[in-house]
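Here is a short note for your review. Please read it alongside the model.

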Amino acid sequence: MTVILLRHGRSTSNTAGTLAGRSEGVELDEVGREQAEKVVARLDGIPVAAIVRSPLLRCEQTVAPLAAARSLDPVVEDRLLEVDYGEWTGRAIKDLTGEKLWKVVQHHPSAAVFPGGEGLADVQARAVRAVRDHDEQLAAEAGHDVVWVACTHGDVIKSVLADALGSHLDQFQRIVVDPSSISVVRYTETRAFVHRVGDLGGDLRQVVPPPPKDPENADGGESSDAVIGGGAGR
C-alpha cells in the first residue's frame, strides 16, 4: 500500500508566524489556495483510491479541489489531527523560542509534552496507527495495493516519516515538510519504503504500484525486498 502524505497548503497562521495548533478558523491564504489547486495536476496519472484528512479547516480546503476532480468523499480521521500544543497554541513562534521546552522539542522531542497539551511521542503513536489502519482497510477492500492520500500537518507527517525511515523520533526535526509538500511511503509486509520526502514538484507516477500479479505465478515476498544496487527504476 502506498500513502501520499500531503501537508496542507500555506495558512494564515504560517504567514503570521504563529503556532496554529488546533485553533479554529485558521484557513489557507491566497498562496495556500493556489497550492491546493495545483495538487490536482501534481497527482495527474496517480490512481488515488481514497482521501483521508485531518478534521481541521486548512486540510479540508487543501483536499477540496482534488476530491472534486476525483469525485471522492474525503474521510475525516481524528488521529491525523494537528498536535495539541496546549498553552502554546496561537502564540508567536519568535516568543516560543525562549521557552525552556523549546530546546527539548528541538533536541529530544520524544520527551516533549506541551503544557496543557500532548506529547510528541503520543502524536507519533496515533498517527502511525491511523496510517496503518487505513492501509489495511483499503487493501482489504481493493484486494490489492492501492495509492491513497492522507492530508495532515507538519509535525504529524514528520513523525510518520521518522517511523517509516526506522529513525528515532528524536531525529525527526531533521525532516523538512513544507506547506503543500508531498511525501510518499509504501508499506510492505516486512518494511516501509520512503519514496519522497517533502517533494514540491516533479513526476510522481513512478510511485504507483505495479498491477497485481497472477497469484499462480507470484513468487511471494518480492515487494518487501530492497533491490541490491538501487534498481533500474520504472
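The points below cover the sheet, a helix pair and the salt bridges.

1. Basis. This is a predicted model: local features need pLDDT of at least 70, side-chain atom pairs count only at pLDDT 80 or more, and totals for chains, interfaces and linings use all residues. Residues are numbered from 1 along each chain as its sequence is written, and side-chain values use heavy atoms, without hydrogens and water.

2. Sheet. An open, mixed sheet has 6 strands in the order β3-β2-β4-β1-β5-β6 (strands are DSSP runs of E, at least two residues; helices are H or I, at least four; pairing takes at least two DSSP bridges). Its edge strands are β3 (75–76) and β6 (192–199). Strands β1 (residues 2–7) and β4 (residues 147–152) run parallel, joined by 6 bridges. Ile-4 stands opposite Val-149 in β4.

3. Helix pair. α2 (residues 30–42) packs on α3 (residues 57–70) at about 35°, axes 8 Å apart (axes are fitted to C-alpha atoms, for helices over the stretch in contact; angles run from 0 to 180 degrees between N-to-C directions). Residues in contact (heavy atoms within 4.5 Å) include Val-40 in α2 and Leu-66 in α3. α3 also lies across β1, β2 (48–53) and β4, at about 160° to β2.

4. Salt bridges. There are 12 (Lys or Arg side-chain nitrogen within 4 Å of an Asp or Glu carboxyl oxygen). Glu-118 and Arg-126 form one, with closest N and O atoms 2.8 Å apart. Glu-118 is buried at 14% relative accessible area (buried is under 20%, exposed over 50%, partly exposed in between; 1.4 Å probe, protein chains only). Arg-126 is buried at 15%. Arg-91 pairs with Glu-99 at 3.0 Å; Arg-91 is partly exposed at 29%.
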